[in-house]
There are 2 protein chains.
Amino acid sequence: MTRIDKLVVCGVGLIGGSFALALRAAGLVGEVVGVGRTPASLAKATALGIVDRATDDWADALAGAGLVLIATPVGQMDGVMAAMAPHLAPGTAVTDAGSTKSDVIEAIYRNLDRQLGQVVPSHPIAGSENSGAEAAYAELYRDRKVVVTPLPENDDGAVALVRQAWQACGAQLFEMTPQEHDRVFAAVSHLPHLLAFGLVHDLAQRANAEQLFGYAAGGFRDFTRIAGSHPEMWRDICIANRQALIGELDAYLAELALLRAYLLSGDGGSLEAIFDEARTARNAWANRKED
Amino acid sequence: MTRIDKLVVCGVGLIGGSFALALRAAGLVGEVVGVGRTPASLAKATALGIVDRATDDWADALAGAGLVLIATPVGQMDGVMAAMAPHLAPGTAVTDAGSTKSDVIEAIYRNLDRQLGQVVPSHPIAGSENSGAEAAYAELYRDRKVVVTPLPENDDGAVALVRQAWQACGAQLFEMTPQEHDRVFAAVSHLPHLLAFGLVHDLAQRANAEQLFGYAAGGFRDFTRIAGSHPEMWRDICIANRQALIGELDAYLAELALLRAYLLSGDGGSLEAIFDEARTARNAWANRKED
């Protein structure tokens with residue numbers, strides 16, 4: 001891939017910071033400029049050497065930029081794109097790291113309609129319950145999947161640059177339509193997060209919450225790990241993808257209604273059949289992942 | 001604690017096998033005898049050195065036994081106790097490792113009503129999605145909680161022996177009523193298992209299941225780890241504790257109904273407030289556990 005003389009990262013947290021560190025480690029970037037809404041976060045990213053400098057001036061940031069990664073919570077991307085639009089020159093490719101794609105693409109058409117050739121949506125399937133620049137590391141994307149959902153209007157060169165940048169981070173590249181992407185991730189990511197947040201919230205409100213947490217063990221720890229995730233980021237994802245998420249939640253509620261009926265009637269055989277199918281599917285998946 | 005000349009373990013899997021290995025490692029047992037329904041499992045436990053010998057004859061097993069641990073799935077305990085009853089002498093203490101207590105205690109009153117002094121119910125809060133004798137290890141109970149729910153009829157000596165045996169395994173001892181125990185574990189253990197089994201089953205039945213699992217990542221892995229648990233064991237737990245479990249499931253369904261309403265109305269503020277409370281509670285718990 002061509003060296004990027006100037007990389008701009010908007011939102012220098014775990015995702016944006018790791019992208020910058022990975023490209024820097026690969027020797028593929030010159031200057032790295034951070035843009036963000038929180039001066040303290042930008043100062044931290046600068047102190048950690050993730051960005052060379054920070055600015056809140058998009059004209060300054062975008063002047064001569066080769067690539068921009070927007071890595072804010074998805075709810076902020078509309079405003080970020082509106083601020084970028086007047087200063088985005090034809091030679092600058094743009095991508096994002098949003099966990100939802102339909103809403104981000106709506107924001108692109110709304111704000112960057114004169115620059116559609118150069119804005120290529122993407123979603124790295126990587127993350128952690130840890131957030132912030134201090135959690136960033138160059139290897140975050142190593143062997144992880146990145147889904148690119150190119151627009152019909154995208155220039156081949158911009159798509160190639162965005163793909164190459166993620167590949168340089170060590171990621172495996174995939175392409176899907178935005179709609180397909182949002183349905184898949186509602187099922188395997190957004191719903192589990194909602195369920196984990198909901199369970200912990202349910203228990204935390206009880207009069208005997210301290211007793212309950214006192215006896216929670218390893219299974220509970222793993223099941224609820226994702227309830228330690230960033231509330232604002234997940235608020236934005238849930239709202240942005242709420243149509244697909246409600247569909248997945250309703251399918252899950254139907255599953256729970258079935259399980260409840262089996263419990264109520266004492267139908268152990270049907271419960272065991274479901275548990276057995278789940279275990280088989282889960283273990284087959286986990287073993288395949290380890291290959 | 002007094003040395004146990006003869007220890008009997010009924011059900012030599014992860015739980016029973018680890019108990020035997022821990023007491024043997026502590027030098028506190030003489031002969032260890034395994035009892036079980038599956039000859040292959042007993043042969044494996046013998047080959048692994050977890051038990052010295054195996055038998056299906058309760059008269060033989062119980063002759064001169066100092067302590068018996070019943071570590072079968074809870075659905076089998078009624079039958080096990082019925083088989084033990086004619087051969088259980090006054091000098092033998094009995095405990096169990098069942099994850100539910102009300103149903104086990106019903107089985108005790110039903111089958112061992114002439115030996116109530118010596119049968120002390122317990123529940124070690126330890127386990128794994130791995131099962132079987134090959135998963136057993138002596139350190140499983142180190143720094144784990146064991147809840148003892150003594151019967152009013154229990155002899156002090158039997159309670160002391162059971163407590164000392166678990167302490168010798170490295171466990172921390174707690175006491176609760178059976179009803180309180182079953183409510184607490186419905187909330188923090190049985191419900192999460194049901195939810196994880198349900199999610200994986202829901203997804204595994206889809207026409208695009210392979211695609212979905214293909215994009216599932218680390219959050220999904222942790223959330224569903226307990227869906228790899230033993231189906232029969234969890235069938236028994238769910239059925240045995242279904243009254244408390246349905247109560248917990250209904251509370252959770254109310255929580256999901258609330259989350260669904262916020263999604264439907266696009267109320268991001270309320271979602272974020274719930275996510276934030278959940279994250280705070282979850283992180284406070286996880287940090288306390290690490291102390």
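## Close-up views of a predicted two-chain model

**View 1. Val9(A) and its contacts.** Setting aside neighbours within four places in sequence, Val9(A) is in contact with Gly16(A), Phe19(A), Ala20(A), Val32(A), Gly34(A), Val51(A), Leu69(A) and Ala71(A). The model shown here and in the views below is predicted.

**View 2. The largest nonpolar core.** This core has 203 residues. In soluble globular proteins, nonpolar side chains tend to be buried together.

**View 3. Two domains of chain A.** Chain A is divided into domain 1, residues 4-176, and domain 2, residues 180-290. Their C-alpha centres lie 31 Å apart. Where the domains meet, 14 residues of domain 1 of chain A are in contact with 16 residues of domain 2 of chain A. What kinds of residue make up the side of domain 1 that touches domain 2? That side divides into four nonpolar, seven polar and three charged residues.

**View 4. Where chain B meets chain A.** Here 71 residues of chain B are in contact with 71 residues of chain A. On the chain B side, six helices each supply at least two residues: H7 (178-204), H8 (209-215), H9 (218-223), H10 (231-240), H11 (242-265) and H12 (268-290). Which of them gives the most? H7(B) does, with 18 residues. The side of chain B that touches chain A divides into 44 nonpolar, 12 polar and 15 charged residues.

**View 5. H7(B) crosses H11(B).** The two helix axes come within 9 Å. They cross at roughly 65 degrees. The crossing is right-handed. From H7(B), the contact uses Asp182(B), Arg183(B), Ala186(B), Ala187(B), His190(B), Leu191(B) and Leu194(B). From H11(B), it uses Ala244(B), Leu245(B), Gly247(B), Glu248(B), Leu249(B) and Tyr252(B). By type, the residues of this contact divide into eight nonpolar, two polar and three charged.

**View 6. The helix H10(B).** Is H10(B) largely enclosed or largely open? Nine of its 10 residues are buried, so H10(B) is largely enclosed by the rest of the structure. A residue counts as buried if 20 or more other C-beta atoms lie within 10 Å of its own. The buried residues of H10(B) are Pro231(B), Met233(B), Trp234(B), Arg235(B), Asp236(B), Ile237(B), Cys238(B), Ile239(B) and Ala240(B). H10(B) also supplies at least two residues to the side of chain B that touches chain A.

Conventions
Residues numbered from 1 in each chain as written. Chains lettered and ligands numbered in written order. Predicted model: local features only at pLDDT ≥ 70, side-chain atom pairs only at ≥ 80, totals over all residues. Contact = placed C-beta atoms within 7 Å. Helix = DSSP H or I, 4+ residues; strand = E, 2+ residues; numbered from the N terminus. Nonpolar A, V, L, I, M, F, W, Y, C, P; charged D, E, K, R; others polar. Domains from an automatic or database assignment. Axes fitted to C-alpha atoms, helices over the stretch in contact; angles between N-to-C directions. Left-handed = near helix turned anticlockwise from the far one by under 90°. Core = buried A, V, L, I, M, F, W, Y, C linked by C-beta atoms within 7 Å. Buried ≥ 20, exposed ≤ 12 C-beta atoms within 10 Å, placed from the backbone.
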